[in-house]
There are 2 protein chains.
Amino acid sequence: MAKPVGRRGETRERILATALDLFVEHGVHGTSLQQIADRLGVAKATVYHQFATKDALIQALVQPVADTLGELLTRAEAAAGREAQVEVVIEGLVEMVLARRQIAAVMHGDPAVEAAIRATPELAVRSAKVKDLLLGPDPSPSRRVALSVFNAGLMLSGTDPELAELPEEILRQELLGTARRLLV
Amino acid sequence: MAKPVGRRGETRERILATALDLFVEHGVHGTSLQQIADRLGVAKATVYHQFATKDALIQALVQPVADTLGELLTRAEAAAGREAQVEVVIEGLVEMVLARRQIAAVMHGDPAVEAAIRATPELAVRSAKVKDLLLGPDPSPSRRVALSVFNAGLMLSGTDPELAELPEEILRQELLGTARRLLV
């Protein structure tokens, strides 16, 4: 079964991409390291060599999201005034979802990934900060509900088959428009 | 392990409620019929007697949603004019999510349930009709994106821990308000 694989970093990236495809199709619990190896056409040991557990693999998948949120918060904190901060965060989140559609979807919809996120303190802390920034001080029920709807809707929009045929630039503009209708 | 259980219908309802709790916690793939039996304190055979497969159990969970959508479409088709029809559908969907928060969440977030929905033609057809009614004829990209965000956000709002402390009547009003901002 085992095909020749490239350099260590390349194998790692291919494992992550394949795992993500399978997570989107079957959920995290429905995907084993063996299935990832089979889909990729490598020995299971090749996967284990990179990721001893599925949790380690999930953490590697969500790390870039934690990094992106960190950069986003730095930019937002540098913006002048709450309105500008909200705009920076909205634009940053939309870009993140467009760049990482599948990760955004499994991060929101899958209980197994949600548990992994809670176990990644950096990501949990940054997500909470982003949410607090969008809620603002003493948020009304109206704003809480609008943010909950926008957050779930945004995270899942990148993989929604109903939107699959929209060009990325149109999707970007319309997600920004939806965000502004709900949160600005 | 086996505790005495009540009438057939009662046992069936308890199995469905317990399965739903476990699906929300671990995802459908992460939940076995054995785990459902263990959580409920009954023999695995008691679960098998009601549901031969997990798919049969999922279909029993989503059947009331198919029924609700059927009633909703009948009412919408009886309403005069598109605006009134959209309002009937929005109100009906919000009520459905409030009445069946956990089912709505697993129906939207879990690939295993999404596959079961595709295998339940009645539900798939009705969901598509509800979506078409909300989109309207020749929908713009703006409306497509707004509906995608609203749909995912609504389905997951009933189990969002951030909204858990909101009284149901407030949540109902704010979900309706969010729907109207995006879709009316």
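Q: Of the contacts in chain A with a separation of 6 or more, what percentage is accounted for by residues 24 or more positions apart?
A: This is a predicted model, in which local features need pLDDT of at least 70, side-chain atom pairs count only at pLDDT 80 or more, and totals for chains, interfaces and linings use all residues; side-chain values use heavy atoms, with hydrogens and water left out. Residues are numbered from 1 along each chain as its sequence is written, while chains are lettered from A and ligands numbered from 1 in the order in which they are written. A contact means heavy atoms within 4.5 Å. For contacts in chain A with a separation of 6 or more, the share from residues 24 or more positions apart is 70%.

Q: How many helices does the secondary structure of chain A contain?
A: Helices (H or I, at least four residues) and strands (E, at least two) are DSSP runs, numbered from the N terminus. Along the sequence, the pattern of chain A is α-α-α-α-α-α-α-α-α-α. Chain A has zero strands, and its number of helices is 10.

Q: What percentage of the 184 residues in chain A is buried?
A: A residue is buried under 20% relative accessible area, exposed over 50%, and partly exposed in between (1.4 Å probe, protein chains only). The C-alpha atoms of chain A occupy a box of roughly 55 × 35 × 30 Å along the principal axes. Of the 184 residues in chain A, the buried part is 48%.

Q: Into which domains is chain A divided?
A: The domain bounds come from an automatic or database domain assignment. The centres of domain 1 of chain A and domain 2 of chain A, taken over C-alpha atoms, are separated by 26 Å. Chain A is divided into domain 1 (8-52) and domain 2 (56-183).

Q: About what area do domain 1 of chain A and domain 2 of chain A bury between them?
A: At this interface, 14 residues of domain 1 of chain A are in contact with 11 residues of domain 2 of chain A. Buried area is the accessible area (1.4 Å probe) that two parts lose on being put together, summed over both. With 82% of it on carbon and sulfur atoms, the area buried between domain 1 of chain A and domain 2 of chain A is about 1000 Å².

Q: Which element gives the largest share of the side of domain 1 of chain A that touches domain 2 of chain A?
A: Across this interface the rule finds zero salt bridges, a salt bridge being a side-chain nitrogen of Lys or Arg within 4 Å of a carboxyl oxygen of Asp or Glu. The elements of domain 1 of chain A that give two or more residues to the side touching domain 2 of chain A are α1 (8-26) and α2 (33-40) of chain A. The largest share, eight residues, comes from α1(A).

Q: Is Asp38(A) buried or partly exposed?
A: Asp38(A) is placed in helix α2 of chain A. Its C-alpha atom is separated by 10.0 Å from that of Thr18(A), 20 residues apart along the chain. With a relative accessible area of 40%, Asp38(A) is partly exposed.

Q: What rotation superposes chain A on chain B?
A: Copies are superposed by least squares on the C-alpha atoms of residues with pLDDT of at least 70 in both. The shift along the axis is 0.0 Å and the RMSD is 0.0 Å, for a rotation of 180°.
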